[in-house]
Amino acid sequence: MSKKEVKTNAMRILDRQKIPYEYQEYECEDFTGGIQVADQLGYNHALVYKTLVTTGKSGQHYVFVIPVEEEIDFKKAAKAVGEKSLEMLPQKELTQVTGYVRGGCTAIGMKKQFPTIIHEAACGLESIYVSGGRLGMQLKLSPEDLKKAANAGFADVIH
């Protein structure tokens with residue numbers, strides 16, 4: 001008997017928009033960093049992106065999708081979204097704000113549509129890996145398709 005495919009909210013949105021993607025599930029009980037996930041799945045680190053949620057001085061939330069080995073540059077990121085400054089959303093607020101848990105957060109299908117920026121290095125890639133909307137799930141899709149699904153833009157937002 002085959003196991004029923006579990007669709008995440010992100011996958012349902014991609015299906016509705018007829019955006020092609022591949023997904024891979026992996027063993028994961030608790031939060032695992034993006035580098036460890038990439039190593040576990042044998043993915044090139046340069047193709048694996050993490051999703052960060054920030055809060056601007058205005059109180060507005062912003063989402064940034066950056067390579068797992070990189071760190072967000074808060075000055076560049078704030079400028080990209082027209083804020084004076086940004087800080088990381090406290091981890092304890094992540095699920096309440098986004099509907100996703102740490103390690104399963106993706107820019108697609110959050111509770112609300114927040115302004116989203118994908119680091120510009122993704123533009124030159126055929127496909128990237130991002131969280132699939134729950135722990136133990138990665139999605140592979142083109143950066144342009146992620147941009148479309150997350151209603152995002154591209155900008156330089158890392159150090």
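Modeller: Strands (E, at least two residues) and helices (H or I, at least four residues) are DSSP runs, numbered from the N terminus, and two strands pair if DSSP finds at least two bridges between them. This is a predicted model, where local features need pLDDT of at least 70, side-chain atom pairs count only at pLDDT 80 or more, and totals for chains, interfaces and linings use all residues. Residues are numbered from 1 along each chain as its sequence is written, and side-chain values use heavy atoms, leaving out hydrogens and water.

Biologist: In the hairpin of S2 and S3, which residue takes a positive phi?

Modeller: Strand S2 (residues 49-56) runs antiparallel to S3, joined by seven bridges. Thr 55 has His 61 as its bridge partner in S3. Four residues lie between the strands, and the one with a positive phi, near 95 degrees, is Gly 59.

Biologist: Is strand S3 largely enclosed or left open by the rest of the structure?

Modeller: Buried means under 20% relative accessible area, exposed over 50%, and partly exposed in between (1.4 Å probe, protein chains only). Seven of the seven residues of S3 (residues 61-67) are buried, so this strand is largely enclosed.

Biologist: Which residue of S5 is the bridge partner of Phe 64?

Modeller: S3 and strand S5 (residues 116-119) run parallel, joined by three bridges. The partner of Phe 64 in S5 is Ile 117.

Biologist: Which strands stand at the edges of the open sheet of three strands?

Modeller: The order is S1-S7-S6, with antiparallel pairing.
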